[in-house]
Amino acid sequence: MTFIILNRLFQAVLVLLFVALISFLIFRFVGNPVENLMGQEATLAQRAALEEALGLNDPIHIQYFDFLWKAVRFDFGNSYRGALPVAELIASRLPATLELALTSALFAVIFGVFMGIYTAINRGSVITNFILSSSLIGVSLPTFLIGILLIWLFSVELNWLPSFGRGEVVDLGWWKTGFLSESGLKSLVLPAITLGLYQMTLIMRLTRSEMLEVLRQDYIRLARALGLTNKAVYFFHALPNILIPVITIGGLQLGSVIAFAIITETVFQWPGVGLLFINAVYFVDIPVMSAYLLLVGFAFVLINLIVDLSYFFIDPRLRDSELKDEA
Amino acid sequence: MERFFRSDFFYHFRHAPVAIVSFVTIILIILAAIFANFIAPTNPFDPASLNLMNGFTPPLEANEFTGERFLLGTDDQGRDLFSTILYGLRISLFVGLMAVLLAMVMGVLLGLIAGFLGGWIDSVIMRFADIQMTFPSILVAMLIYGVARGILPPEVRYEMSIVVLIISIGLSEWVPFARTVRGSTLVEKEKEYVTAAKMIGLTRQQIMLRHILPNVLSPVLVIATITFALAIIAEATLSFLGVGVPSTKPSLGTLIRIGQDFLFSGEWWILLFPAVTLLALALSINLFGDWLRDILNPKLK
Amino acid sequence: MIKHLLISAAIVTASFATASAETVRWARAGDSITMDPHAQNEGPTHTLSHQIYDTLLHRDMAGAIIPSLATEWAALSDNPNVWRFTLRKGVVFHDGSDFTSEDVVFSLNRAMADGSEMKELLSSVKEVRAVDSHIVDVETNGANPLLINNLTNMFMMDKGWSEDNKVTTPHDVAKGETNFATMNTNGTGAFMLVSRAVDEKTILKANPNYWGKDIYPNQVTEIIYTPIQSSATRVAALLSGEVDIIQDVPVQDLGRVSASADLQLATAAQNRVIFFGLDTVNGPTANLKVRQAMNIAINRDSIKKIVMRGQSDPTGVIMPPFVNGWTEALNQHPQYDLNKAKALMKDAGYSNGFDIVLNCPNDRYVNDESICQAAVGMMAKIGITVTLDAKPKAQHFPIAKGGEADFYMLGWGVPTFDSHYIFNYLVHSQTNDRGSWNPTGYSNADVDAMIVSLESETDLTKRDDTIAKIWAAVQVAQMYLPIHNQVLNWGMRKDIMFDVQPEDTPLFQFLTFK
């Protein structure tokens with residue numbers, strides 16, 4: 001068992017090193033640091049001096065280790081555009097993205113589970129069919145279009161909700177939150193729905209099929225036969241059994257939510273790391289791009305690891321066999 | 001053929017109106033795209049044939065300068081929207097199809113190998129799958145696009161953007177294929193027919209491709225269908241982020257990006273018709289994929 | 001508990017602040033790159049600096065130079081190489097220190113230091129001297145009658161504050177440097193920086209000790225500035241009342257904005273011309289007849305009518321009408337003539353056309369990509385197969401500037417209001433310190449000499465004659481295909497009265513409420 005955990009940790013580190021390698025290669029070769037750091041009028045001697053100072057003449061693996069060592073200390077240099085340290089820039093933008101991702105994940109899990117159970121229990125009803133088909137429409141349209149349509153309907157035509165930004169944020173010193181003001185909460189609604197819609201559909205469909213599966217099991221039939229009410233059967237016997245896979249999928253989705261936030265943040269001018277990244281791409285701001293990649297990679301590997309390990313602790317059957325990969 | 005029409009599969013199909021409608025829609029849209037040059041009244045990809053003064057003509061109304069009429073109106077450059085949608089569909093379908101093929105071939109092969117051989121090869125492949133999952137299609141596309149743009153001359157940009165779209169969408173969707181095929185392979189390889197095949201001295205390749213592969217294909221078909229819809233939507237999303245095909249030869253996604261600029265200004269048709277086409281296509285594929293999964297996975301019935 | 005109280009207190013103050021009638025919520029597409037006023041020579045950056053820092057002189061709505069921190073200015077009668085500026089008395093910086101001639105000497109030298117993007121505008125300056133506490137002399141190499149034109153974006157900083165915070169030189173943005181002044185300010189302007197999050201939100205409040213308190217209306221007490229990149233979202237924010245003023249209303253949404261009961265549009269010609277550049281040395285465009293054919297194959301009227309929805313002024317010269325040297329005759333745009341264009345192509349030996357790439361920005365000028373797209377269709381009609389390569393400005397400009405492009409789009413604003421600014425960047429042969437935006441390969445020694453002579457010509461009639469001669473040469477060479485001058489459209493709340501400034505720089509001390 002300890003071996004499996006260690007093995008998992010080792011693999012996670014390898015994955016991270018590989019992500020860091022891609023990030024390093026982009027930083028080193030796409031960016032051309034000397035061109036970026038020097039004007040066109042720089043002389044050859046000045047260029048050579050800068051190359052030496054930046055360590056660009058060292059063997060490539062030394063440069064990679066140097067990059068890693070700096071990355072471990074959150075040193076990604078300065079953004080070409082904002083002239084601010086990249087780490088500081090990302091730290092200031094991260095709360096916005098995390099709050100958005102968390103809200104949309106909560107939205108997706110709560111509504112997804114609820115509607116999944118509902119549609120499983122009431123198979124074939126009008127409302128079930130409506131939920132199932134409209135959720136399919138939701139995933140058949142690109143996210144940006146859904147966002148713009150929501151803005152058009154709820155901001156411009158109805159004037160109910162804000163169309164951009166985070167509203168009033170409260171500075172807690174180390175974290176700027178939009179959760180503590182009315183305008184901040186209102187501003188979250190449309191972006192969170194836009195971002196969470198796809199995940200919600202996914203979770204709903206998963207919950208539904210798991211629920212249908214569980215309801216066929218013998219112990220549920222037994223519970224029914226023993227005269228338990230429907231409610232008791234659904235919530236005390238069926239629900240706990242479907243929660244584990246649903247929560248794992250929800251957790252795994254959090255990583256991709258952070259990455260997919262790029263689109264939502266662009267549409268809603270949400271000041272998070274996704275918007276930072278897309279602007280970095282437009283401005284060819286290589287340090288920000290490579291730091292962002294590393295960040296997303298790290299977040300994903302971490303979530304993956306936690307999910308894997310929690311599986312292991314939750315489900316005793318797995319302790320004996322290998323870890324499940326089909327998550 | 002005779003056998004197909006008498007099969008259970010066809011029986012279920014005939015009795016599922018949703019499946020029939022969605023299948024017919026998909027076929028109609030694909031045919032319309034293939035025969036676009038016969039159906040479309042104009043060729044929107046030929047810039048010499050365009051008249052800018054036709055711009056923003058509403059559907060069926062006569063243009064105030066040229067007097068010309070268009071079934072679905074025109075866009076901001078005076079292109080006939082009906083023709084542009086048909087030609088755009090070609091690009092979107094081509095990108096979607098090739099991306100799915102790429103993802104499927106990669107995923108199935110890697111999944112087979114990982115599941116059948118196991119050991120460190122399995123670990124390496126599945127770790128690569130993890131890495132791949134780290135970079136969603138948008139990120140992969142922007143990276144490949146950025147690099148390709150730096151290396152290739154702008155003359156080949158049109159071809160390049162299509163190839164970049166295919167590779168980036170294909171690369172980011174191979175993982176579900178690999179995981180599913182690996183899982184099924186793990187189950188299949190313990191079965192008696194595989195042991196028997198081993199005993200009569202068949203090579204690993206032969207066992208993998210001739211014996212195991214056919215038995216794991218039905219879930220692959222389901223994933224392929226759903227991935228196809230995903231790929232078409234991903235193409236639209238990437239166009240919105242500026243990574244798609246150029247606006248002179250727009251795909252469905254590029255058309256939607258152009259159209260969304262005119263949502264508030266009253267030229268609703270430029271957004272509505274391409275969006276409805278995309279919706280009809282993706283929705284039909286999703287519905288058909290759902291039905292397919294239910295049929296091929298009787299457990300859920 | 002205490003934390004909770006603090007938080008609710010913060011919310012209360014915040015909601016009070018937004019509720020007050022004098023707050024203006026302002027949005028545009030892009031943010032300022034840095035608060036260091038000498039580190040960047042770029043429109044959106046200057047726009048924010050103008051709220052916080054002052055210049056010696058500025059321009060009124062018609063473009064005439066009027067006093068700001070300097071109340072009088074003139075070249076010395078006995079020495080035309082020296083300009084003497086008399087400074088306004090009683091001006092204080094936001095931190096309370098006095099504004100004196102020491103600060104002017106410091107600021108102008110800072111703007112000429114390494115890392116400054118403003119130094120080209122002061123390249124003729126030899127020395128800056130303080131005569132007394134409120135008189136400054138600027139000596140140039142040879143007489144420079146037009147020096148004052150170059151001072152309208154030259155911001156004044158506090159010497160003491162800069163020394164205390166070690167920001168005596170600008171940070172070099174291109175080198176990824178940063179300094180205290182990147183995020184902190186101390187100007188004499190009408191507004192003080194309260195907080196700033198790049199690309200997110202910048203809050204300014206009225207300066208209680210502003211020297212112009214009794215001169216300008218100063219009705220705005222707070223500015224909340226938010227960049228909103230997506231044009232649909234920006235318009236949505238204006239339409240739903242979340243912002244009070246946006247500087248860049250997309251042309252297709254003008255109707256919707258003016259039809260809204262709560263909103264109005266303010267429109268004015270902008271000091272910016274849009275044009276295509278062509279390679280005059282290599283490829284088919286090296287042939288003058290090809291360039292002439294392309295010029296008359298562009299249907300400027302239909303671009304105006306359809307792409308720009310009437311919001312542009314087609315032109316035949318790469319010069320906005322505000323500029324000294326502009327004439328009605330030059331501005332007359334060439335007649336669209338397809339047959340003549342085809343004949344010219346045939347004469348040039350290209351009756352079967354040729355292939356070319358058009359490099360175009362997609363986030364810089366009004367409908368830039370759509371204009372390029374329209375040009376692709378127009379060029380196709382004379383057999384030229386154009387591949388459109390549209391990309392964000394940060395990627396487009398290096399290509400347009402570097403000479404890699406055969407055919408590209410560019411826009412040019414003229415902050416000095418003089419033709420020399422256009423010639424020096426766009427017409428002079430590309431050398432170390434001139435012609436940096438002329439990658440066309442056009443190089444004419446006579447024209448170069450005339451351009452240089454403009455810098456020290458004190459006889460203004462003679463100078464204008466030279467300007468006319470250079471324009472004549474440019475019009476013959478046709479390395480640029482002019483399209484139109486842009487029109488500005490600011491969308492704002494109906495109770496706001498605010499004149500559109502031709503350089504697209506709103507100065508909020510001028511804003512009044514009905």
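Student: Over how many bridges do strand 5 of chain C and strand 7 of chain C pair?
Tutor: The model is a predicted one. In it, C:T86 stands opposite C:I135, a residue of strand 7 of chain C. Strand 5 and strand 7 of chain C are paired in the antiparallel sense, and the number of bridges is five.

Student: Which residue of strand 7 of chain C is the bridge partner of C:E127?
Tutor: Six bridges join strand 6 of chain C to strand 7 of chain C, and the two strands run antiparallel. They are linked by a hairpin through two residues. Within strand 7 of chain C, C:V138 stands opposite C:V128. The bridge partner of C:E127 is C:E139.

Student: What is the order of the strands in the open sheet of chain C?
Tutor: The edge strands are strand 4 (70-75) and strand 6 (125-132) of chain C, each of which pairs on one side only. Neighbouring strands of this sheet are turned by 20° against each other on average, direction ignored. The pairing is antiparallel, and the order of the four strands in chain C is 4-5-7-6.

Student: Which side chains of strand 7 of chain C point to one face and are buried?
Tutor: The side chains alternate along strand 7 of chain C.

Student: At about what angle does helix 3 of chain C run to strand 6 of chain C?
Tutor: Helix 3 of chain C comprises residues 101-111 and lies across strand 5, strand 6 and strand 7 of chain C. Its angle to strand 6 of chain C is about 170°.

Student: Against which strands do the buried residues of helix 2 of chain C pack?
Tutor: Helix 2 of chain C (residues 43-52) is mostly covered, with eight of its ten residues buried. Among the buried residues are C:L48 and C:I52. The strands of chain C against which the buried residues of this helix pack are strand 8 (191-197), strand 9 (201-206) and strand 10 (222-227).

Student: How many residues of helix 9 of chain A are buried?
Tutor: Helix 9 of chain A spans residues 218-225 and is hardly covered. Just after this helix, A:G227 takes a positive phi of about 90°. Among the eight residues of helix 9 of chain A, the count of buried residues is zero.

Student: Which element supplies the largest share of the side of chain C that touches chain B?
Tutor: The contact takes 24 residues from chain C and 22 residues from chain B. Several elements of chain C each supply at least two residues of its side, including helix 6 (231-239), helix 9 (300-307) and strand 15 (385-391). By class, the side of chain C has ten nonpolar, nine polar and five charged residues. The largest share, seven residues, comes from helix 12 of chain C.

Student: How many residues are in the largest nonpolar core?
Tutor: A:F277 and A:Y292 are among the members that touch the most other members of this core. Leaving aside neighbours within four places in sequence, A:F277 is in contact with A:I262, A:V288, A:M289 and A:Y292. A second, separate core has 67 residues, C:I274 and C:F407 among them. The number of residues in the largest nonpolar core is 215.

Conventions:
Residues are numbered from 1 along each chain as its sequence is written. Chains are lettered from A and ligands numbered from 1 in the order in which they are written. This is a predicted model: local features need pLDDT of at least 70, side-chain atom pairs count only at pLDDT 80 or more; totals for chains, interfaces and linings use all residues. Two strands pair if DSSP finds at least two bridges between them. Axes are lines fitted to C-alpha atoms, for helices over the stretch in contact, and angles run from 0 to 180 degrees between N-to-C directions. Two residues are in contact if their C-beta atoms, placed from the backbone, lie within 7 Å. A residue is buried if 20 or more other C-beta atoms lie within 10 Å of its own, exposed if 12 or fewer, and partly exposed in between; C-beta atoms are placed from the backbone. Ala, Val, Leu, Ile, Met, Phe, Trp, Tyr, Cys and Pro count as nonpolar, Asp, Glu, Lys and Arg as charged, and the others, Gly among them, as polar. A nonpolar core is a set of buried Ala, Val, Leu, Ile, Met, Phe, Trp, Tyr and Cys residues joined through C-beta atoms within 7 Å.
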